[in-house]
Amino acid sequence: MRAMARRNYFSTEAFDRSGHLRRDPEWLNARLADTATRLLLLRRSLIPVNSERRLMLVAAVVTDLDHAADGVVFLGLDPDGSAVFAVDVDGDGRADLISVLPEGHTFVELRGAAASLPRDEGHRAAYASAMLTWHRRHRWCGTCGAPTVPDWAGHIRRCTGCGAEHFPRTDPVIIVVVTAGDHCLLGRQAAWPTSMFSALAGFVEPGESLEDAVAREVWEETGVRVSDVVYNSSQPWPFPLSLMLGFHASAGDKPVDVTVDETEIEDARWFTRDELAKGIADGGLTVPPPFSIARTIIDAWLEEGA
Ligand SMILES: [Zn+2]
């Protein structure tokens, strides 16, 4: 199966991260005093939207923020050159910041809002959410246990004890559509709606290549051996800190018996292209939403047979 260079939701090329500016305190201070600079205020992982479900940002000058403070992250530059910062309003003494949001705003879960946000808004909400989550989870040094403090406009945390530098992390997760001739193998978790199936997925373990992780996850969850692991595309997945890496893999010419590991998934079964396409069309089968990479790799396989 050929690889497809598809850009998945939550990613964009239309945003300049300007990494070199993160270490320029004078420039950062000037931006926070600039009427063009915008802030994205998050309440933990909740994002502010207006009545039309569009992301709401506020002018930086209505606040009194320090770029070096915990919970403040310089995200980058908009296409018009304006700086954008993310701010965790649940941080120390920041609850009042919510009052600077225009009337009519509500805070909503990013996962639910993703379907309605334009791509560039989905990208910055995902980026901001993942960065602020990382800060909340890395307040102490993993090496010596002392408190850490942010630096580089929120793109590093430095240990106050041993001086270790800690960088934002993202956890690789493989997700794979396994095929055998005109069939593909999908699984479901017990917590999902009963009609829902998706591609198999799992965290990459230390010492594994991505191809190894694909083969191991499929074997562990379904007892099926795969080969010909082919990369499709990737997607930042801020729930909370993952990078999804999408693949197709072959289990041979014909479906083989499936042995489900019920500690990982509830069920896994083979679907023909027709079954899958018809099930999705008539609602008898539920697959992940169009903004997810799971759907990208399922649709890519369906389209290949069309
Ligand atoms: Zn330390």
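Contact, as the word is used here, means heavy atoms within 4.5 Å. By that definition Leu75 touches Phe15, Arg17, Val84, Phe85, Ala86, Arg124, Tyr127 and Ala128, not counting residues up to four places away in sequence. The structure is a predicted model, in which local features need pLDDT of at least 70 and side-chain atom pairs count only at pLDDT 80 or more, while totals for chains, interfaces and linings use all residues. Residues are numbered from 1 along each chain as its sequence is written, and side-chain values use heavy atoms, with hydrogens and water left out.

**The chain as a whole**

The chain has six helices and 15 strands, where helices (H or I, at least four residues) and strands (E, at least two) are DSSP runs numbered from the N terminus. Its C-alpha atoms fill a box of roughly 65 × 45 × 30 Å, taken along the principal axes. Of the 306 residues in the chain, 49% are buried; buried means under 20% relative accessible area, exposed means over 50%, and partly exposed lies in between, with a 1.4 Å probe and protein chains only. Among contacts between residues at least 6 apart in sequence, 66% join residues at least 24 apart.

**Nonpolar cores**

A nonpolar core is a set of buried Ala, Val, Leu, Ile, Met, Phe, Trp, Tyr and Cys residues joined through side-chain atoms within 4.5 Å. In soluble globular proteins, nonpolar side chains tend to be buried together. The largest such core here has 43 residues, of which Phe10, Ile47, Leu75, Leu117 and Leu276 touch the most other members. Apart from it lies another core, of 22 residues, which includes Met56, Ala83, Phe85 and Leu101.

**The zinc site**

Which residues coordinate the zinc ion? The donors are the SG atoms of Cys141, Cys144, Cys159 and Cys162, at 2.2 to 2.4 Å; donors are N, O and S atoms within 2.8 Å of the metal (3.2 Å for Na, K and Ca), and sites may look incomplete because water is not among the atoms. In sequence these donor residues are spaced C-x2-C-x14-C-x2-C. Cys141 lies in the loop between α3 (119-137) and β7 (148-151) and Cys162 in the loop between β8 (156-159) and β9 (165-166), so this pair ties together parts that are 21 residues apart in sequence. The four donor atoms subtend angles of 96 to 117° around the zinc ion, which makes the arrangement tetrahedral, a label given to four donors if all angles lie between 85 and 135 degrees. Cys141 is buried, with a relative accessible area of 5%, whereas Cys162 is partly exposed at 43%.

**Aromatic rings and charges**

The structure holds 13 aromatic pairs; rings of Phe, Tyr and Trp (its six-membered ring) pair if their centres lie within 6.5 Å, and planes under 30 degrees apart count as stacked, over 60 as edge-to-face and the rest as tilted. In one of these, the rings of Phe197 and Phe271 have their centres 5.1 Å apart and their planes at 70°, so the pair is edge-to-face. The pair links distant parts of the chain, with Phe197 in the loop between β11 (183-188) and β12 (200-203) and Phe271 in strand β15 (residues 267-272), 74 residues apart. Phe197 is buried at 2% relative accessibility, and Phe271 is buried at 4%. Ring pairs also link Tyr9, Phe10, Trp237, Phe239 and Phe291 into a cluster.

| Charged residue | Ring | Distance from ring centre |
|---|---|---|
| Arg17 | Tyr127 | 3.7 Å |
| Arg225 | Trp219 | 3.5 Å |

**Individual residues**

Glu217 lies in helix α4 (residues 210-222) and is buried, at 5% relative accessibility. Not counting residues up to four places away in sequence, Glu217 touches Ile174, Ala201, Gly202, Phe203 and Glu264.

The peptide bond from Phe239 to Pro240 is cis, with omega near 5°, and Pro240 has its place in the loop between β13 (227-237) and β14 (242-250). Ala153, a residue other than glycine, has a positive phi, near 55°; Ala153 lies in the loop between β7 and β8 and is buried, with a relative accessible area of 4%.

Definitions and conventions:
Tetrahedral: all angles 85-135°; square planar, octahedral: opposite > 155°, others 65-115°. Lys NZ or Arg CZ within 6 Å of the ring centre and 35° of its normal.
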